[in-house]
Structure formats: C-alpha cells, structure tokens
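Here are my notes for your review. Please read them alongside the sequence and the coordinates.

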Amino acid sequence: MVYTPVPDEVLQELLQPSNSKIVLLVMDGLGGMPLGPAGPTELEYAHTVNMDTLAADGVLGLHVPLAPGLAPGSGPAHLALFGYDAFRYRIGRGALAAAGVGLDLQPGDVVARGNFATLDEAGRILDRRAGRIPTKEAAPLVEKLARIRIPGVQIDVRPVRDYRFVLRLRGEGLSHKLKDTDPQRVGVPPFPVEPAEPTPEAQRTAEILNRWIEEARKVLAGHPKANGVLLRGFATDPQLPKFGERYGLRAAAVAEYPMYRGVARLVGMDVLDLVDTTPEGLFQTVAQHWQTYDFFFVHFKETDSRGEDGDFFAKAQAIEKVDRALPILMDLKPDVVVITGDHSTPSRWRAHSWHPVPVLLWAPDSVRTDDQYRFGENACQHGGLGTFPAVHLMPLILAHAGRLKKYGA
Ligand code: ZN
C-alpha cells in the first residue's frame, strides 16, 4: 500500500497538546534472516516473553526504511524513523561524527572525520588506523592537534573512540566540497585535500586543511603508531527541521554510540547522559528523566554489531537482553511504545540489508489489535499495520499518543 506522506505544513496544523508519553525503542539492525530455509530469524529464535506480551496486546507490522531494495546506512534510516525524508535531508558522515561528540554545527562550518594513521619514513601509509590505538592513547594526541592554529579560521578537534577524531573548521568562506585524503589502501601516501568543486571557497578550505595536516605531521612526529592523519567525510550542518517543533514534543535521546547521539542532536533532541550502557541502564536513564520529556528515543546498538559479526546466536541473545530489561520501561506506564529497528542486519549477510523491519506498536488506549502474539518477522508480515514506509511511523505514533487532530471538516 502506498500513501502520500503527510506534508509538513499539514502535520503542523494538526498537532494538539497531550500529556501522553511515548517511547521509540530502536534495536539497531533488528531485522534478520533465517540460517536456512524455513528456520527462524534471530528475533524469532530469541526468547522474548515481554515483547511477545506487548505483541499480543499491540499490533505488528513491517517498515521499509527508505525504499524497496535500498539497504540504508544507520543515519538515513534513523532520519526516516524520525519522520524525515532521507533523500531530501542528507547528513554527511562528518556532521554525524561531530554532533555525536557534542560539537555543535552552524551553517558554513566544515567538519570531517579524522583518524590517526601510521606512515613510513617516505610518508606512505603502513596502517590506516594506527594499530587501532585505544582512546586513552589517542586522547592526548588529539589534545596536541587541538593546539594547532591556522590564521583566518577557528579549528576544533575532538576525540571520538580509539584512533578516531573529528575536526571542525569555522569561519567565513569555507566549503565542505572536498575529497577524502584516505586512499583506502596501504603502501601509498595519503592524498592531499583537494576541492571536489572548482570554487574559491573549496580551494581555500583545501589549502587550510593541507596546512593543518602538515602541522599535524610535525606535532605527531616520532610517535611509533600515530604519526599521520587521514581526513574523510567532509560535511556541513544539514540544517534539519527540529524534531521538537515539528511534532510538538519534548524529546530526549538515550543512546550510547556517538553516531546515534549525533543524529539525535542534529534533529534537536536532548541527548541524555547514561546510567550505564546495558539495556537496564538505558531504561533506567529513561526513568530518571520520565517527567521532563514526552518522547524518548532509546537506541540499542548490539543487535546490529552482532549481525555484522555474522553471529546469529549472539544477535538473538542481544535481543533477549533487551527483553529481560523491558519491565523497567513498562513500569513507567508509557502510553505508546514502539519497538523496531532502523534497518535489517541479517547475521547471514554480516551487513545492512533492504529487508523490511519488524515493528511492534503498543498503545493500550488506541490500538486495534491483530491476531499476532509473537514478535518476529513472519508475525509482523501478517500483522495489522501491514508493510509501510518508515516515514509514516511518526504520524502514526502521534495519532496513538492523542497528539493529532482531525484533518479537514
Ligand atoms: Zn543501524
């Protein structure tokens, strides 16, 4: 079934206030595949008594993240879940990374993902990730990089995880239309920063960055592993409409990984500090802030990671961990709970796929239940929500939360 997405201005007109509380629980890469024909998927194999109870009382379906056949990255897949057209709003990797570590973005800023690399005496890359040096080893090096000054531009550098960092340039006349310096192989020197379009801004920004890289090499000289840097994913502020205004919600994000904290921050959600990163910790963080917000985006990464490892059983166990912690969330008495993924990451594929993603919608005051009582791909395929584009999920959530008026007379 194909529907026209609700136009932004119509949605604005229809919003009405409510005291309802909403939780969107995203198990990253939730959708899976059976190990063999007719077998269960990871979610179907997992023992999920709490989710199954919600499935019995709620309604199931499948969402298509972006479009049939497109395997999405987590960034666009989350934008779709948040109700944004991911083809219209494109977030560069650098912007996600910068927002993820709390670097704010303004129009005109240029951001990039960086990582330390090992270079030989001739400047050729020996290791593109500097032996994956851990955060505690990388952080002091990032501090050194942060002291580099180039006239005419303000430069900020922040550590991410392990050997990664982010770089932000702020100033007049900059452009993010630049090519990556990472040649994606060893034995050759990094590329210099080059403009990806023939504009004076891109030319100037490339020159600034090449000077910065030169200075970085001097600062890092002598380090046994991290004596070079690679820059990629040049981006700028995607200028996304703010989630809170768009939906009339006070929204918070409960997420561990920088990328998801980043996408939440870019849409203007408050990103909360975590109690701990287990599912219990995520839900306890929700509990701590229950009175302050109307909408909680809770992100659990491990399902995707185990899917990418190709470990069917570990992915199922990750799902079970979330299920065991679920009573902490349900004890808060939310009005609407949606449990889904941003995309599928079948462990058989060790990668993101385009397969539709299980959706469980629980809203005791408004749901028209179906006859499904187990949360799994097959049940979702026969669920009452049907198969629908992910961008329709937010209006559906708002409706169940009593936050949408009637359209038209
Ligand atoms: Zn994902």
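1. What covers the buried residues of H11? The cover includes strand S1 (22-27), strand S10 (295-300) and helix H12 (312-330). Helix H11 spans residues 302-309, and its buried residues are Thr303, Asp304, Ser305 and Gly307. Buried means under 20% relative accessible area, exposed over 50%, partly exposed in between (1.4 Å probe, protein chains only). Helices (H or I, at least four residues) and strands (E, at least two) are DSSP runs, numbered from the N terminus. Just after H11, Gly310 has a positive phi of about 80°.

2. A word on provenance. This is a predicted model: local features need pLDDT of at least 70, side-chain atom pairs count only at pLDDT 80 or more, and totals for chains, interfaces and linings use all residues. Residues are numbered from 1 along each chain as its sequence is written, and side-chain values use heavy atoms, with hydrogens and water left out.

3. The zinc site. The protein donors of the zinc ion are Asp28 (OD), Asp28 (OD), Ser74 (OG), Asp342 (OD) and His343 (NE2), at 2.0 to 2.7 Å. Donors are N, O and S atoms within 2.8 Å of the metal (3.2 Å for Na, K and Ca); water is not among the atoms, so sites may look incomplete. Along the chain the spacing reads D-x45-S-x267-D-H. Asp342 and His343 are both buried.

4. Helix H14 (residues 393-400). Six of its eight residues are buried, so the rest of the structure largely encloses H14. They are Leu393, Met394, Pro395, Ile397, Leu398 and His400. Gly402 follows H14, with a positive phi near 70°.

5. Thr205. This residue sits in helix H7 (residues 200-220). Thr205 is buried, at 0% relative accessible area. Leaving aside residues up to four places away in sequence, Thr205 touches Val110, Leu169, Gly173, Leu174, Ser175 and Leu178. Contact means heavy atoms within 4.5 Å.

6. Salt bridges. The structure holds 18. The criterion is a side-chain nitrogen of Lys or Arg within 4 Å of a carboxyl oxygen of Asp or Glu. Arg403 pairs with Asp294, the closest N and O atoms being 3.6 Å apart. Arg403 lies in the segment after H14 and Asp294 in the loop between helix H10 (279-288) and S10, so the pair ties together parts 109 residues apart in sequence. Both Arg403 and Asp294 are buried. Separately, salt bridges with shared partners join Asp104, Asp109, Asp156, Arg168 and Arg170 into one network.
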